Amino acid sequence: VQLQASGGGLVRPGGSLRLSCAVSGSAISISAMGWYRQAPGKQRELVAVITSGGSTNYADSVKGRFTISRDNAKNTVYLQMNSLKTEDTAVYYCASGAGTVRTFRAGAWGQGTQVTVSS
């Protein structure tokens, strides 16, 4: 399985970005997918999860601002990020795996994409 993340960049506080994760070698329709992030000096944290059935869950810090979605036809997962804050600055990683929204475990990782929120 290969995952290719894209869409990161520099944005001002309050702005928006959409990250994409194109998957090859496996159908995302049968996998749970997640987005993680890692800020400098901090541990990697799970930001959003979407199951094969379409259930979603978010870290408290991004609820109401981020939306995870999937396009099974394109085998791509997205992370729409709105109302970005400076504390959202991190390298964002997509992952495929298994589990529920509460027990997601990553099995394969994409390379990271840098998101920088700064004025």
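Analyst: Happy to; we will go through a sheet, one of its residues, and then some aromatic rings. This is a predicted model, in which local features need pLDDT of at least 70 and side-chain atom pairs count only at pLDDT 80 or more, while totals for chains, interfaces and linings use all residues. Residues are numbered from 1 along each chain as its sequence is written, and side-chain values use heavy atoms, with hydrogens and water left out.

User: What joins strand β7 to β8?

Analyst: Six bridges do, and strand β7 (residues 66–71) runs antiparallel to β8. D71 faces T76 in β8. The two strands form a hairpin with four residues between them, and N75 in the turn has a positive phi of about 50°.

User: What makes β1 and β7 edge strands?

Analyst: The open sheet has four strands in the order β1-β3-β8-β7, with antiparallel pairing. β1 (2–6) and β7 each have a single partner strand, so one side of each has no neighbour in the sheet. On average, neighbouring strands of this sheet are turned by 15° against each other, direction ignored; the axes are lines fitted to C-alpha atoms. For β1, pairing with β3 rests on five antiparallel bridges, and Q2 has S24 in β3 as its bridge partner.

User: Why is strand β8 described as largely enclosed?

Analyst: Buried means under 20% relative accessible area, exposed means over 50%, and partly exposed is in between (1.4 Å probe, protein chains only). Five of the six residues of β8 (residues 76–81) are buried, so the rest of the structure largely encloses this strand.

User: Why is S20 called buried?

Analyst: S20 lies in strand β3. Its relative accessible area is 17%, so S20 is buried. Contact means heavy atoms within 4.5 Å; leaving aside neighbours within four places in sequence, S20 touches Q4, A5, S6, W35, T76, V77 and Y78.

User: How many aromatic pairs does a search of the whole structure find?

Analyst: The search finds three. Rings of Phe, Tyr and Trp (its six-membered ring) pair if their centres lie within 6.5 Å; planes under 30 degrees apart count as stacked, over 60 as edge-to-face and the rest as tilted.

User: Why is the pair of Y36 and W109 called tilted?

Analyst: The ring centres of Y36 and W109 are 4.6 Å apart and the planes stand at 50°, so the pair is tilted. It links distant parts of the chain, with Y36 in strand β4 (residues 32–38) and W109 in strand β10 (residues 105–109), 73 residues apart. Y36 counts as buried at 10% relative accessibility, whereas W109 counts as partly exposed at 38%.

User: What makes the pair of Y93 and W109 edge-to-face?

Analyst: The planes of Y93 and W109 make an angle of 85°, with 6.5 Å centre to centre, and the pair is edge-to-face. Y93, in strand β9 (residues 90–98), is 16 residues from W109. At 17% relative accessibility, Y93 counts as buried. Y36, Y93, F104 and W109 form one aromatic cluster.

User: How do you know that R44 lies over the face of Y93?

Analyst: A charge sits over a ring if NZ of Lys or CZ of Arg is within 6 Å of the ring centre and within 35 degrees of the ring normal. R44 lies over the face of Y93 at 3.9 Å from the ring centre, and over the face of W109 at 4.6 Å.

Definitions and conventions:
Pairing = 2+ DSSP bridges. Axes fitted to C-alpha atoms, helices over the stretch in contact; angles between N-to-C directions.
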